[in-house]
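User: I have a model open and want to go through it with you. Can we start once it is on screen?

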Amino acid sequence: MRQLIYLLFIGFCITFCSCRNDFEFETSAGGLEFSKDTVYLDTVFTNIGSSTYTLKVYNRSNIDIKIPSIKLGQGQNSKYRLMVDGIPGKEFNNVELLAKDSMFVFVETTIDYTEYANNTTTFLYTDQIQFASTNGIQNVELVTLVQDAYFLYPQRNSQGEYENVPFDDQTNIYGFYLDENDPNNGNEYRWKNDKPYVIYGYATVPSGKTLNVDAGARVHFHADSGLMVRPGGRLLVNGEQSSTETLEKEVVFEGDRLEPEFANVAGQWGAILLMSNSDNVVNHLTLKNANIGIYAMVTGSNDPQPKLTIKNSQIYNCTNFGLYGVNAVITGENLVTNNAGKVSAAFALGGTYNFKYCTFANYFNSYDQIPLLLNNYQDKTEEGETKRYIGALTATFDNCLIYGSGNVSLSLERAEIENDTNPYFNVKFNSSLIKLVDFNRLENAVLYPFSANNAELVTYNNCKIARTGNENKPVFKDAKNNNLKLIEGTNGDGPYGTADASVTLSPNTDILGVLRSTLPDMGAYESTAE
């Protein structure tokens, strides 16, 4: 026993003595390596904090080193913030780094545009991280583009409570009414193109007011925010045809995360809630990354049917629905919808819908997503009981392309009222392409083009049905990434939808302003050769 205790004591001493050298750090002589020479913090809006960016610092030597200081070039006055070894600050002394090891430096910033900009809406803010050594300073540059914006958000009252606005007969939501004479923004019923708009909460257009959105406007919605047009209000999106890929005259609605990795992430903001039966018109709008893109809805028992005309527009990357109409009246031309978690374009509880030259696609990475859904009912739970409401449905699709990554691109659902001869269902597809591979499992199968008994409910006139993955397959340029342009195939016949597959209708130009041929393609794009 005594020998065992003696051996343990010797082993402890050896271990203790050998560890002491591990913590003898030499002052850094430089030679650090970095994961990048310049950290570019993507565009930020004034006074809005950036994302956190990462710089990795490497000690490639065989020596444990101590970095005398790591600091920002502008010191405590810098608008950047650092975190080193889990400690936030702007200057750090005697930072230890083991041999053949690395560490992370995290960088953030918040910048007040008005402190630095001069007669411009954007400017570059720069600084550097300085790593001291016995041989001088090693620098890593920091660069951020700062952009001025109009900020629209709910105000607080004297009790510190935020504004809210009515959503339906029983519910209010976080939001605010636009102001014709706001002290900072001026007339908020005109969204201009001189600098972006950043919206917090639901910007609301009340009855009797019209929101005009100028060509080239950029609108960024914060998480859980959006635009609401109340019954009697009106929305006019006045985008125009653009001549470059930057879409300089297009109106863009998207989230307020400007980093490239968020460019196509669904669900970053709420929705456009359209409750108005005024002549709402949307032209040349690109809407992306919402929960629901445009939600035309009836919220109260006495509210009118919402009304919308949408042309030359694109709706992408929505968590649930791209365009969602509930007992609405919607007309669309040269419309493209794609990448929705549930349905790219859904129309429920009846309504009246007319679409020409539209591309309804869905390549979202989720199970059972589809491009197009039509039904004449909606189930609601009220006081613990589920009630079914039924409305008359009338819909016409001319020269449309309905296709997606799933086997079925079209869902038709019809509910009946007992002892009622009114079919509540009148749908026409004319000169359109529809993908229906796995049609054996479709509910209400009588509504599809495989039944001879569907004529009084649904008609398919001169339509082409894709019954396999390759039959009548359109050739999109890059459908998964929302490029639904049609390109001509190598066999010279072009993508399906050319030549005898379609008839001539107005408008005579596609969504890009390309002149359609005398026998035009289906969908929003006229095909081009690659």
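User: What should I know about the model before we start?

Analyst: This is a predicted model, in which local features need pLDDT of at least 70 and side-chain atom pairs count only at pLDDT 80 or more, while totals for chains, interfaces and linings use all residues. Residues are numbered from 1 along each chain as its sequence is written, and side-chain values use heavy atoms, with hydrogens and water left out.

User: Ok, the open sheet of 5 strands. What order do the strands come in?

Analyst: The order is S2-S4-S9-S6-S7, with antiparallel pairing. Strands here are DSSP runs of E with at least two residues, while helices are runs of H or I with at least four, and both are numbered from the N terminus. Two strands pair if DSSP finds at least two bridges between them.

User: Which are the edge strands?

Analyst: Strand S2 (33–34) and strand S7 (87–89), each of which pairs on one side only.

User: And how many bridges join S6 to S9?

Analyst: Strand S6 (residues 80–84) and S9 run antiparallel and are joined by 5 bridges. Tyr80 has Thr109 in S9 as its bridge partner.

User: Which residues form the nonpolar patch on the surface?

Analyst: Met83, Phe104 and Phe106, which together have about 240 Å² of accessible area. Accessible areas come from the Shrake-Rupley method with a 1.4 Å probe, and for residues only the protein chains shown count as cover. Patch residues have over 30% relative accessible area and no salt bridge; like charges are joined within 9 Å, and nonpolar side chains (Val, Leu, Ile, Met, Phe, Trp, Tyr) within 5 Å.

User: Where is Phe104 found?

Analyst: Phe104 belongs to strand S9 (residues 101–109). Its relative accessible area is 40%, so Phe104 is partly exposed. Buried means under 20%, exposed over 50%, and partly exposed in between, with a 1.4 Å probe and protein chains only.

User: Which element gives the most to the lining?

Analyst: S27, with 4 residues.

User: Next, how many salt bridges does the structure hold?

Analyst: There are 12, a salt bridge being a side-chain nitrogen of Lys or Arg within 4 Å of a carboxyl oxygen of Asp or Glu. One of them pairs Lys195 with Asp148, where the closest N and O atoms are 2.9 Å apart. This pair links distant parts of the chain, 47 residues apart: Lys195 is in the loop between strand S15 (190–191) and strand S16 (197–199), and Asp148 is in the loop between strand S11 (136–147) and strand S12 (150–152).

User: Are Lys195 and Asp148 buried or exposed?

Analyst: Both Lys195 and Asp148 are buried.

User: What about Lys307 and Asp279, how do their side chains meet?

Analyst: In a salt bridge, 3.0 Å from N to O. Lys307 is in strand S27 and Asp279 is in the loop between strand S23 (272–274) and strand S24 (280–283), 28 residues apart. Lys307 is partly exposed because its relative accessible area is 34%, and Asp279 counts as partly exposed at 43%.

User: Last topic, the backbone. Which peptide bond is cis?

Analyst: The one from Ser506 to Pro507, with omega near 5 degrees. Pro507 lies in the segment after S42.

User: And what is phi of Asp85?

Analyst: It is near 55 degrees, a positive value in a residue other than glycine. Asp85 sits in the loop between S6 and S7 and counts as exposed because its relative accessibility is 53%. Asn334 also has a positive phi, about 50 degrees, although it is not a glycine. Asn334 is in strand S28 (residues 321–340) and is buried, with a relative accessible area of 2%.
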